[in-house]
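Here are my notes on the model, as numbered points. Please read them with the structure open.

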Amino acid sequence: MATVELKNLRKNFGSFVALEGLNLSIEDGEFLVLLGPSGCGKSTTMRLVAGLEDPSGGDILIGGSRVNEIPARDRDLAMVFQNYALYPHMTVGENISYPLKIARVPKTERLRRAKDAAAKVEMDHLLTRRPAELSGGQRQRVALARAIVRTPRLFLMDEPLSNLDAKLRTVMRAELKHLQKELSTTTIYVTHDQVEAMTLADRIVILNNAVIQQMGTPAEIYARPANTFVAGFIGSPPMNLISGAVSGGMFTHKGGTMQVGTADGAVTLGVRPEDIALSHGDADIMGKVYSSELLGDCTLVNVRVGDSLVAAKVGADEGMEMDTPVGLKLRQERLHFFDTDSGNRRET
Ligand code: ATP
């Protein structure tokens, strides 16, 4: 168990800036998720913490000590990557106990600890199988067991669930979260999947273009996205972003006019699909139904407004025919306002 601090951490590949002055403190036992689109610098951050890359500038502290010059094998951390890289010629038991063999732990203790780790991920009945005889989910569990067998100070996980099918991913997500809390080992987890980030993290760090966009608990980020990038990245489907202009307390956009409590200027209004209802009286937005999808517990209606679509989550029995004219009412207390030019959240 350990804290992790990244101080002004930078990484360039030639003239390309992959990470630009990252500052981040991770608490002991925290489950921190680095979230962002492909190429934003997530894996680079992870590789720097692991010691697989050298920083171009800045410091990495683990447990309060600077580790910049400490080689990867001496940093006392365990990694689980997307490609779980099990040794094909070894059994499940041998794969799991391999880090202990490297650490010269005596054989009887190795076997006991490998069995314990396997039991934690419900693989103790398959210790004599080889990786080729396992399903993808089972191989993933072996990789996890191999990471936890040593109780390292830190877990680094880079998209560890992305090779699994959707159903198994959901199951493994819950197991991983439970296991991390049980072990209380500080964990840095990289994903581009916002649902995974929301469900797993104590705290999320959202990266884009080598820079942190926002840090906070999943609930904070969901409720108050710092800019339009975060607003459009979190949520399923994500927040609707409607550009327009505010003048004298009235917001005018392609689908209508409505009263708002924000200052004059070029404004992008954000509203989550679940904060929109169908209106049969006066509406904030007028448009035509583009598509209507029954999701089981609700219907997702996409409404064409000008040249964009606004998504609304409405009742399961409120599905509508394509091209029907429709009015939408927005929940006033749940509106978000962003400056169109900077993309930043407006405080009022
Ligand atoms: P993904 O989800 O696609 O893995 P990521 O956020 O993890 O994306 P990184 O692997 O951190 O992205 O890469 C960040 C940027 O740095 C990318 O634009 C990538 O092309 C670049 N990059 C990474 N490694 C190198 C390298 N060894 N040489 C040159 N450029 C690199």
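Which residues are around the ligand?

1. The model is predicted. Around the ligand are Phe 13, Phe 16, Ala 18, Pro 37, Ser 38, Gly 39, Cys 40, Gly 41, Lys 42, Ser 43 and Thr 44.

2. A polar side-chain atom of Ser 38 lies 2.6 Å from a ligand oxygen. For Cys 40, a backbone N or O atom is 3.0 Å from an oxygen atom of the ligand, and a backbone N or O atom of Gly 41 is also 3.0 Å from a ligand oxygen.

3. On its own the ligand has 640 Å² of accessible area, and the protein covers 57% of that. Strand S2 (16–26) and helix H1 (42–50) are the elements that give two or more residues to the shell around the ligand. The most comes from H1, with three residues.

4. Turning to another helix, what span should the 14 residues of H3 have? At 1.5 Å a residue, helix H3 (residues 107–120) should span 20 Å, and this agrees with its end C-alpha atoms, which are 20 Å apart.

5. Which residues of H3 are buried? They are Arg 110, Ala 114, Ala 117 and Ala 118. These residues cover an arc of only 100 degrees around the axis, so they sit on the same side of H3. In general, an α-helix has 3.6 residues a turn, so residues three or four places apart point the same way.

6. Helix H2 (92–102) and helix H4 (136–148) are what the buried residues of H3 pack against. After H3 comes Glu 122, with a positive phi near 55 degrees.

Key: Residues are numbered from 1 along each chain as its sequence is written. This is a predicted model: local features need pLDDT of at least 70, side-chain atom pairs count only at pLDDT 80 or more; totals for chains, interfaces and linings use all residues. Side-chain values use heavy atoms; hydrogens and water are left out. Helices (H or I, at least four residues) and strands (E, at least two) are DSSP runs, numbered from the N terminus. The expected span of a helix is 1.5 Å times one less than its number of residues. Buried means under 20% relative accessible area, exposed over 50%, partly exposed in between (1.4 Å probe, protein chains only). The arc is that of the directions from the helix axis to the C-beta atoms. Contact means heavy atoms within 4.5 Å. A residue is near a molecule or strand if one of its heavy atoms lies within 4 Å of it. A polar contact is a pair of N or O atoms within 3.5 Å; within protein, one must be able to donate a hydrogen and the other to accept it, and residues adjacent in sequence count only if both atoms are side-chain atoms. Accessible areas come from the Shrake-Rupley method with a 1.4 Å probe; for residues, only the protein chains shown count as cover.
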